[in-house]
Amino acid sequence: MTLPVTPKASRDYLPAINGWIITVWLIAMLVASPILVVLGSVFSHSEGVFSHLASTVLTQYITHSLVLMVGVGAGVLFLGISTAWLVTMCRFPGGRLFEWGLLLPLAAPAYLLAYTYTDWLDYYGPVQIWLRSQFGWQSVTDYWFPDVRSVGGAIVMFSFTLYPYVYMLARVAFLEQSVCTLEASRSLGCSPWRSFFKVALPLARPAIMAGLSLALMETLSDFGTVDYFGVATFTTGIYRTWFGMGAQVAAAQLSAMLMVFIFVLIILERWSRRQAKYYQAKNSVQRPQPYNLKGIRAWGATLACGLLITLGLLLPGGLLAHMTLTHLDETLDNRFFELARHSLILSGLTAGIGVIVALVLAYGERLSKQRTVSLGVRLASMGYAVPGAVIAVGILIPIVKLDKGLAAWVEASTGHSMGLILSGTIVALIFAYLVRFLAVALGTVESGLAKIRPTIDDAARSLGCAPSQTLVKIHTPLMASSLLTAIMLVFVDVMKELPATLVMRPFNFDTLAVRVYQYASDERLVEASAPALMILLVGLLPVILLSWRIARER
């Protein structure tokens with residue numbers, strides 16, 4: 001029930017709400033501006049550079065991107081759905097442990113797996129050296145070994161690190177399915193496999209498709225893995241066109257094509273289920289009677305789940321830890337701690353600012369309840385679907401022009417030359433991070449804000465509290481855990497981000513991710529091991545928190 005409000009309080013409250021609405025739209029337009037710049041570049045003249053790219057490498061970019069999408073999509077669907085069904089509907093040794101353990105590979109960026117597995121499986125790696133010593137092979141012509149640095153190798157790396165997106169959402173969908181529906185299928189004579197394919201899988205399809213979309217967007221936005229494996233995709237093309245050819249407009253046009261790829265992916269997923277309806281009975285929250293796996297099936301399930309965790313996290317993490325500890329003088333030097341400080345500064349500032357901005361957007365939407373405001377909030381959160389390289393291009397083009405205009409005006413007015421003010425600064429880099437990861441903070445903040453009853457807002461309003469006072473004094477303490485979770489998620493995402501950092505970092509201001517990429521590109525994986533290990537360990541924090549929260553809710 002809405003509490004009565006005095007006329008004076010109502011008059012004071014309406015301008016405050018209008019102020020929040022204006023603020024939401026200003027933030028939305030500012031955050032969306034890089035994406036609009038990239039889309040607007042389609043109509044710019046590239047002086048023949050894009051035509052040259054179209055006649056030489058564009059077909060390769062498109063082909064490799066499509067092959068990666070198909071391969072990674074198949075990989076994450078198979079791994080994510082099968083493991084989610086096993087741990088949810090079956091009993092086998094270690095099943096309770098794997099419920100949260102299968103999320104852990106999400107902490108490892110794909111490029112870290114690419115670097116460690118290449119060092120381990122390459123011609124001069126320990127695996128092939130051991131094989132040659134055991135079988136007496138002398139050269140590469142004496143035997144066949146799969147090439148890690150290939151499109152297939154990239155698909156495997158992405159599948160090992162991105163399947164938790166599908167696993168997490170599919171498992172939640174399986175847990176929420178009605179007992180009555182599944183028991184009815186069993187009573188009608190459906191075998192476990194038939195019940196899975198005919199009932200459980202179709203009901204979980206919306207959640208599975210959401211996880212698949214996230215995995216494919218991460219695949220298209222990756223730079224470190226495909227660049228290290230020599231796979232020409234849109235992200236590598238954007239980087240080479242910008243820095244190798246100095247063609248800003250052509251790089252922006254490639255970015256626009258990549259954005260079209262991603263938006264088509266989202267539209268196709270929604271179109272494919274445009275007439276589908278998914279209803280489930282809510283009269284039972286009990287889990288269906290699980291299948292008791294015995295013998296070889298039980299141990300096969302244990303081996304499959306354990307192998308995924310080992311290959312996706314434990315093995316690369318162990319290799320990095322071994323290299324770090326056996327070469328401490330080369331890894332934990334002063335340069336490492338400087339890089340760690342840079343990464344912590346960028347991640348901490350972005351996480352703090354991002355959560356504040358997300359709180360303003362979410363609370364503005366809660367106050368107004370207007371579709372136009374909701375549209376502005378969704379516009380501000382669309383950056384997560386856009387690769388970091390695309391955002392970097394969309395920011396640098398207007399910033400460089402602004403800096404040049406300011407420098408020309410200052411020189412004309414004072415006769416003194418002025419360097420660049422915004423380009424190549426921490427401010428521009430943090431803005432790129434905000435555009436990229438604001439959606440991460442916004443989703444968590446909105447979830448926490450939705451748990452607060454509207455009657456609390458009405459009570460604060462009736463007592464004369466302004467919206468800002470209600471947010472700071474009442475809502476913020478009530479959603480402290482959600483805010484801390486949002487800070488942690490953004491912090492870790494910034495720590496791992498490579499493409500935007502590589503393009504926009506200030507001069508002589510490297511981060512852990514950039515240094516890992518540089519060392520690995522020079523085949524100096526020992527020096528890259530400590531920064532890579534720190535990124536991996538920091539990435540484990542939100543994954544462990546997420547696993548704990550899921551287990552607690554269960």
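A: Asp510 and Arg335 are joined by a salt bridge in which the closest N and O atoms are 3.5 Å apart, the term being used for a side-chain nitrogen of Lys or Arg within 4 Å of a carboxyl oxygen of Asp or Glu. Because Asp510 belongs to the loop between α23 (499-504) and α24 (512-521), while Arg335 belongs to helix α16 (residues 334-368), this pair ties together parts that are 175 residues apart in sequence; helices here are DSSP runs (H or I, at least four residues), as are strands (E, at least two), numbered from the N terminus. The coordinates are those of a predicted model, in which local features need pLDDT of at least 70 and side-chain atom pairs count only at pLDDT 80 or more, whereas totals for chains, interfaces and linings use all residues. Residues are numbered from 1 along each chain as its sequence is written, and side-chain values use heavy atoms, with hydrogens and water left out.

Asp510 has 7% relative accessibility and therefore counts as buried, whereas Arg335, at 21%, counts as partly exposed (buried means under 20% relative accessible area, exposed over 50%, and partly exposed in between, with a 1.4 Å probe and protein chains only). Asp510 also meets the side chain of Arg505 in a salt bridge, at 2.8 Å from N to O, and Arg505 counts as partly exposed at 23% relative accessibility. Through salt bridges that share partners, Arg335, Glu338, Arg505, Asp510 and Arg515 are joined into one network.

Elsewhere, Arg436 forms a salt bridge with Glu497, with 4.0 Å between the closest N and O atoms. Since Arg436 lies in helix α19 (residues 426-450) and Glu497 in the loop between α22 (480-496) and α23, the pair ties together parts that are 61 residues apart in sequence. Both Arg436 and Glu497 are buried. The structure holds 12 salt bridges.

Turning to the rings, there are 12 aromatic pairs, where rings of Phe, Tyr and Trp (its six-membered ring) pair if their centres lie within 6.5 Å, and planes under 30 degrees apart count as stacked, over 60 as edge-to-face and the rest as tilted. One of these pairs is edge-to-face, formed by Tyr123 and Tyr124 at 4.9 Å centre to centre with 90 degrees between the planes; Tyr123 counts as partly exposed at 21% relative accessibility, and Tyr124 as exposed at 70%. Phe135 and Trp137 form a stacked pair, at 4.9 Å centre to centre and 20 degrees between the planes, with Phe135 exposed at 53% relative accessible area and Trp137 partly exposed at 28%.

Tyr123 also has the charged end of Arg132 sitting over its ring, 4.0 Å from the centre (NZ of Lys or CZ of Arg must be within 6 Å of the ring centre and within 35 degrees of the ring normal). Likewise, the charged end of Arg149 sits over the ring of Tyr228, 4.4 Å from its centre, and Tyr228 belongs to a cluster in which ring pairs link it with Tyr111, Tyr115 and Phe229.

Finally, helix α3 (residues 58-89) packs with helix α10 (residues 205-221) at an angle of about 140 degrees, their axes 9 Å apart. This makes α3 oblique to α10, given that angles under 35 degrees count as roughly parallel, over 145 as roughly antiparallel, 65 to 115 as roughly perpendicular and the rest as oblique.

Terms used
Axes are lines fitted to C-alpha atoms, for helices over the stretch in contact, and angles run from 0 to 180 degrees between N-to-C directions.
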